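Visitor: Before we discuss any labels, could you show me the model, so that I can ask what each label rests on?

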Amino acid sequence: MDGKGRCLDNIFIERLWRFIKYECVYLHAWETGSQAKVGVGRWIIFHNHKRPHAAHGGQPPAMVYFNQIETDQRVALDLSRFLSGQVLLLGGPLFEDHG
């Protein structure tokens with residue numbers, strides 16, 4: 001999202017609205033706005049947590065996102081252990097007292 005009037009800025013939102021219309025809205029005949037709100041909300045949860053996405057190797061976006069957070073947390077924990085000298089390196093403590 002880098003500027004006013006750029007066509008590439010809207011492509012993601014346009015694609016999402018197309019999916020919502022063709023996979024959700026056009027398939028249901030809701031009678032009230034609150035029914036539509038619940039139906040679209042359910043579809044968005046399905047889209048993010050269950051629907052496979054080719055861009056993510058067939059995984060849902062939520063799985064990719066939460067796996068990345070878990071990986072980032074693991075890296076941060078390993079880094080903190082490394083910096084505190086708790087990591088074992090080549091079979092012994094990283095910082096050994098040679099004195």
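Visitor: What makes up the nonpolar surface patch of about 330 Å²?

Guide: Tyr-22, Val-25 and Tyr-26 make that patch. A patch of this kind joins nonpolar side chains (Val, Leu, Ile, Met, Phe, Trp, Tyr) within 5 Å, while like charges are joined within 9 Å, and its residues have over 30% relative accessible area and no salt bridge. Areas are computed by the Shrake-Rupley method with a 1.4 Å probe, and for residues only the protein chains shown count as cover. The model is predicted, with local features needing pLDDT of at least 70 and side-chain atom pairs pLDDT 80 or more, whereas totals for chains, interfaces and linings use all residues. Residues are numbered from 1 along each chain as its sequence is written, and side-chain values use heavy atoms, leaving out hydrogens and water.

Visitor: Why is Tyr-22 called exposed?

Guide: Its relative accessible area is 53%, and the label exposed requires over 50%, with buried meaning under 20% and partly exposed the range in between. Tyr-22 therefore counts as exposed. This residue lies in helix α1, residues 7-23, where a helix is a DSSP run of H or I with at least four residues, a strand is an E run of at least two, and both are numbered from the N terminus.

Visitor: How many aromatic pairs are there by the rule used here?

Guide: The count comes to 2. One of them is formed by Tyr-22 and Tyr-26, with ring centres 5.2 Å apart and 90 degrees between the planes. Rings of Phe, Tyr and Trp (its six-membered ring) pair if their centres lie within 6.5 Å, and planes under 30 degrees apart are stacked, over 60 edge-to-face and the rest tilted, so these two values give an edge-to-face pair. Both Tyr-22 and Tyr-26 are exposed.

Visitor: How many salt bridges does a search of the whole structure find, and which residue does Arg-51 join?

Guide: The search finds 1 salt bridge, in which Arg-51 is joined to Glu-23 with the closest N and O atoms 2.9 Å apart. The term asks for a side-chain nitrogen of Lys or Arg within 4 Å of a carboxyl oxygen of Asp or Glu, so the pair qualifies. It links distant parts of the chain, 28 residues apart, with Arg-51 in the loop between α2 and α3 and Glu-23 in helix α1.

Visitor: Is Arg-51 buried or exposed, and what does Arg-51 touch?

Guide: The relative accessibility of Arg-51 is 17%, so the residue counts as buried, whereas Glu-23, at 28%, counts as partly exposed. Not counting residues up to four places away in sequence, Arg-51 touches Phe-19, Glu-23, Phe-46, Gln-59, Pro-60 and Pro-61, where contact means heavy atoms within 4.5 Å.

Visitor: Why is His-47 called buried?

Guide: His-47 has a relative accessible area of 9%, which means that it is buried. Its place is in helix α2, residues 33-49, and, leaving aside neighbours within four places in sequence, His-47 is in contact with Leu-16, Phe-19, His-53 and Pro-61.

Visitor: What makes the side chains of His-47 and Asn-48 a polar contact?

Guide: Their distance is 3.5 Å, and a polar contact is a pair of N or O atoms within 3.5 Å, which within protein must include one atom able to donate a hydrogen and another able to accept it, while residues adjacent in sequence count only if both atoms are side-chain atoms. The contact of His-47 with Asn-48 is between side chains. Another polar contact joins the side chains of Thr-32 and Ser-34 at 3.2 Å; Thr-32 sits in the loop between α1 and α2 and, at 37% relative accessibility, counts as partly exposed.

Visitor: Why does Ala-62 count as buried?

Guide: Its relative accessibility is 10%, so Ala-62 counts as buried. Ala-62 lies in helix α3 and touches Asn-48 and His-49, not counting residues up to four places away in sequence. The C-alpha atoms of Ala-62 and Arg-51 are separated by 9.8 Å.

Visitor: What pattern does the protein follow along the sequence?

Guide: The pattern is α-α-α-β-β, from 3 helices and 2 strands. Of the 99 residues, 13% count as buried, and the protein exposes about 8,400 Å², of which carbon and sulfur atoms supply 60%.

Key:
Buried means under 20% relative accessible area, exposed over 50%, partly exposed in between (1.4 Å probe, protein chains only).
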